[in-house]
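Please work through each task before reading its solution.

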Amino acid sequence: MVINSDPKHPRVTISWKAPTSPNGVINRYTVYYRYLPNGNVSVVNVKAGIMAVTVNITGGMEYRFEVTATTVAEGAKEMTDKMLPEYG
């Protein structure tokens with residue numbers, strides 16, 4: 001998973017690769033993100049075949065980003081934490 005922040009705006013683009021060993025045909029990806037340590041979780045569902053999404057965030061905070069692939073059931077989460085810059 002790669003997190004790219006926009007240097008002038010409070011948003012990030014989260015991109016990922018398909019699982020190397022999916023347990024079937026992927027129906028969708030789900031992106032979970034929240035600021036740490038205890039922010040509310042936001043969820044974005046993404047169609048299969050799309051491998052990135054851009055979301056709005058608050059600058060100057062550390063965020064946790066997680067992505068799962070879903071076939072008949074949701075798979076394991078890929079997770080990364082990232083400190084995001086202040087925007088101004």
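**Exercise 1.** Which residues of the largest nonpolar core touch the most other members?

*Solution.* The model is predicted, so local features need pLDDT of at least 70 and side-chain atom pairs count only at pLDDT 80 or more, whereas totals for chains, interfaces and linings use all residues. Residues are numbered from 1 along each chain as its sequence is written, and side-chain values use heavy atoms, with hydrogens and water left out.

Step 1. A nonpolar core is a set of buried Ala, Val, Leu, Ile, Met, Phe, Trp, Tyr and Cys residues joined through side-chain atoms within 4.5 Å; buried means under 20% relative accessible area, exposed over 50% and partly exposed in between (1.4 Å probe, protein chains only).

Step 2. The largest such core holds 18 residues, and Val-12, Ile-14, Trp-16, Val-31 and Phe-65 touch the most other members.

Step 3. At least two core residues come from each of strand 2 (11-15), strand 3, strand 5 (52-56) and strand 6. Strand 6 gives the most, with four. Strands are DSSP runs (E, at least two residues) numbered from the N terminus.

**Exercise 2.** Determine the strand order of the open sheet and identify its edges.

*Solution.* Step 1. Two strands pair if DSSP finds at least two bridges between them. The four strands of the open sheet have the order 4-3-6-7, with antiparallel pairing.

Step 1. Strand 3 (residues 28-35) is joined to strand 6 (residues 62-70) by eight bridges; among the partners are Thr-30 with Thr-68 and Tyr-35 with Tyr-63.

Step 2. On the other pairing, six bridges join strand 6 to strand 7, including that of Phe-65 with Thr-80.

Step 3. Seven of the nine residues of strand 6 are buried, so this strand is largely enclosed by the rest of the structure.

**Exercise 3.** Describe the lining of the largest pocket.

*Solution.* Step 1. A pocket is an open set of points on a 1 Å grid over the protein atoms alone, where a 1.4 Å probe fits, with protein on both sides within 12 Å along at least five of seven lines; lining residues have an atom within 4 Å of a point.

Step 1. Of the 19 lining residues, Ala-18, Pro-19, Thr-68, Ala-69 and Ala-76 lie nearest the centre of the largest pocket.

Step 2. Strand 6 gives the most to this lining, with four residues.
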